[in-house]
Amino acid sequence: IPHNAAQQYQRTAKVSRANIAPGDLVYYNNFGHVGLYIGNNQIIHASRTGKPVAVRAIQNPIAISRPG
């Protein structure tokens, strides 16, 4: 899939919050950021260059999709 989050969303299957599963992509900030759902209402993400990958709770995503 592309590097750009908006393009990732365009090229993957859309998923509702009720049907989220581990491995789904969770989008934020008008498609400016994406995390990977790991289950238990949590994602892993790299918030910015130089910071380690972190685990955090899902907070108000704008969209969710599933790579094929």
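So, the side chains of Asp-24 and Arg-66 meet in a salt bridge, 2.6 Å from N to O. By salt bridge I mean a side-chain nitrogen of Lys or Arg within 4 Å of a carboxyl oxygen of Asp or Glu. In general, side chains of opposite charge can pair when their charged atoms come close. This pair links distant parts of the chain, 42 residues apart: Asp-24 is in the loop between β1 and β2, and Arg-66 is in strand β6. A search of the whole structure finds 1 salt bridge.

Before I go on, the ground rules. This is a predicted model, where local features need pLDDT of at least 70 and side-chain atom pairs count only at pLDDT 80 or more, while totals for chains, interfaces and linings use all residues. Residues are numbered from 1 along each chain as its sequence is written, and side-chain values use heavy atoms, with hydrogens and water left out.

Back to that pair. Are its two ends buried or exposed? Asp-24 counts as buried, at 1% relative accessibility, whereas Arg-66 is partly exposed at 32%. The cut-offs there: buried is under 20% relative accessible area, exposed is over 50%, and partly exposed is in between, with a 1.4 Å probe and protein chains only.

Now the sheet. It's an open one of 6 strands, in the order β1-β6-β2-β3-β4-β5, with antiparallel pairing. β1 (13-14) and β5 (54-57) stand at the edges with a single partner strand each, so one side of each has no neighbour in the sheet. Strands here are DSSP runs of E, at least two residues, and helices are runs of H or I, at least four, all numbered from the N terminus. Two strands pair if DSSP finds at least two bridges between them.

Let's walk along a few of those pairings. β1 and β6 (residues 63-66) run antiparallel, joined by 2 bridges, and Lys-14 stands opposite Ser-65 in β6. Over at β3 and β4, also antiparallel, there are 3 bridges, with Tyr-37 partnered to Ile-43 in β4. Between β4 and β5 we get 4 bridges, antiparallel again, and there Ile-44 has Val-55 in β5 as its bridge partner. β4 has two faces, a covered one with Ile-43 and His-45, and an uncovered one with Gln-42 and Ile-44.

Asn-41 lies in the loop between β3 and β4 (42-45) and counts as partly exposed at 35% relative accessibility.

What sits in the largest nonpolar core? There are 8 residues: Val-15, Ile-20, Val-26, Tyr-28, Tyr-37, Ile-43, Ile-58 and Ile-64. A core in this sense is a set of buried Ala, Val, Leu, Ile, Met, Phe, Trp, Tyr and Cys residues joined through side-chain atoms within 4.5 Å. Take Ile-20: leaving out residues up to four places away in sequence, it touches Val-15, Val-26, Tyr-37, Ile-58, Ile-64 and Arg-66. Contact means heavy atoms within 4.5 Å. So one of the residues touching Ile-20 is Arg-66, from the salt bridge with Asp-24 I opened with.

On to the rings. Rings of Phe, Tyr and Trp (its six-membered ring) pair if their centres lie within 6.5 Å; planes under 30 degrees apart are stacked, over 60 edge-to-face, and the rest tilted. By this rule the count comes to 3 aromatic pairs. Tyr-9 and Phe-31 have ring centres 5.0 Å apart and planes at 40°, so that pair is tilted. The two are 22 residues apart, Tyr-9 in helix α1 (residues 5-10) and Phe-31 in the loop between β2 (25-28) and β3 (33-39). Tyr-27 and Phe-31 are tilted as well, with centres 5.4 Å apart and planes at 55°. Tyr-9, Tyr-27 and Phe-31 form one aromatic cluster.

Last thing, charges over rings. The rule is NZ of Lys or CZ of Arg within 6 Å of the ring centre and within 35 degrees of the ring normal. The charged end of Lys-14 sits over the ring of Tyr-9, 4.4 Å from its centre. Arg-56 lies over the face of Tyr-28, at 4.7 Å from the ring centre.
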